[in-house]
Amino acid sequence: MDLAALLLTTNRMPIRDAAIAFARAGVPVFPCAREGKRPLTSTGFHDASCDVDQVETWWARWPEANLGMPTGSASGIDVVDVDAKGVAGSGFPAFERAATAGLVDGELARVRTPSGGLHVYYPAMRSRPQRCWQVAHARIDFRGTGGYVIAPPSSLATDRGRVAYRLFSVSTAHSKPVDSVALREFIDPRQARLSTRSAGPAAAGTLDPSRLAGWVGRLQEGERNAGLFWAACRLAEAGLPPDAVVSALAAAAARAGLADAEIATTIRSASRQASARPARMPGPMQTPPIPWSAPPSPPRRAGDSRCLP
């Protein structure tokens, strides 16, 4: 499957025709809300299909649906998402630094997003699937296994009206997978400092709820929910009941900016997941994983994705 040629062919087609062309080329797709990103099928990108009859049925039911494509192992395509949202900041400076360092070579194509950002398509690693991650402060996301993107010729409703995803360029050079681990380490040097924070849980010799709470209280936007989930799982695995986990972590999570309802839901999910696996013996505290990629994910609602497009 030549994705660049497929995008060139479908870029200006009606969305229904483009969806059928993707399916015929062996790229699984699924329908999303008209001028939006929300999946219309019951389990979202997990329903993506190359079956032409199924795709035709979906677009007969939702003729104006946007075109969703799962990333990673499902489609063989990984995507680096460079965000650009006015006062919220831009990911282009970080992406350009990564390009200068040779970390984002080998692209298949670039797609302009309705917000003015960029989706950069790469062949996925067949032997080593790469999971999604987000670096909120750098405005760069990686969409691999477990995520999806909205593909051209879809469009979104914006404050400037209806704006389409547009094929910006295709590459004639040799394509190759992007190393998402190396890219993330380059654009998110804070990761390397987690293990050296004097007040971080890595400094603790045993499972200390107060040290975990201190770490949770310093989490930043984009990492708070998953970081709370990771910490709550560790306490639940050590034998603390849900009420005790709430007492240990809720105030810190609120200081980090999470709402009470979100805190309660996350801790309940962590307690349920921890109770479903063998208990760990309390021991030396390990450095917290990168919260949005390494820890176990809380159960998702139908259609949800860890990486939103």
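1. Helices H8 and H10 are oblique to each other. This holds in a predicted model. H8 covers residues 224-237 and H10 covers residues 260-275. Their packing angle is about 45°, and the axes lie 8 Å apart. The crossing of H8 and H10 is right-handed.

2. Next, the residues at this crossing. From H8, the contact takes in Asn 225, Leu 228, Phe 229, Ala 232, Cys 233, Ala 236 and Glu 237. H10 answers with Glu 262, Ile 263, Thr 266, Ile 267, Ser 269, Ala 270, Ser 271, Gln 273 and Ala 274. Sorted by class, the contact of H8 with H10 holds nine nonpolar, five polar and two charged residues.

3. Turn to the sheet. Three strands make an open sheet, in the order E1-E2-E8. The pairing is antiparallel. Strand E1 (30-32) and strand E8 (148-150) are at the edges. Each has a single partner strand, so one side of each has no neighbour in the sheet. From one strand to the next, the twist averages 40°.

4. Strand E2 spans residues 66-70. E1 and E2 run antiparallel and are joined by three bridges. Pro 31 stands opposite Leu 67 in E2. Helix H3 (residues 52-61) packs on the sheet and touches both E1 and E2. The direction of H3 makes about 15° with that of E1.

5. A separate pairing involves E9 and E10. Strand E9 is residues 155-158, and strand E10 is residues 161-164. Four bridges hold this antiparallel pair. Which residue in E10 is the bridge partner of Leu 156? The partner is Val 163.

6. Last, the chain as a whole. It contains ten helices and eleven strands. The chain has 309 residues, of which 49% count as buried. Consider contacts between residues at least 6 apart in sequence: 72% of these join residues at least 24 apart.

Conventions. Residues are numbered from 1 along each chain as its sequence is written. This is a predicted model: local features need pLDDT of at least 70, side-chain atom pairs count only at pLDDT 80 or more; totals for chains, interfaces and linings use all residues. Side-chain values use heavy atoms; hydrogens and water are left out. Axes are lines fitted to C-alpha atoms, for helices over the stretch in contact, and angles run from 0 to 180 degrees between N-to-C directions. Helices (H or I, at least four residues) and strands (E, at least two) are DSSP runs, numbered from the N terminus. Angles under 35 degrees count as roughly parallel, over 145 as roughly antiparallel, 65 to 115 as roughly perpendicular and the rest as oblique. A crossing is left-handed if the near helix is turned anticlockwise from the far one by less than a right angle, and right-handed if clockwise. Contact means heavy atoms within 4.5 Å. Ala, Val, Leu, Ile, Met, Phe, Trp, Tyr, Cys and Pro count as nonpolar, Asp, Glu, Lys and Arg as charged, and the others, Gly among them, as polar. Two strands pair if DSSP finds at least two bridges between them. Buried means under 20% relative accessible area, exposed over 50%, partly exposed in between (1.4 Å probe, protein chains only).
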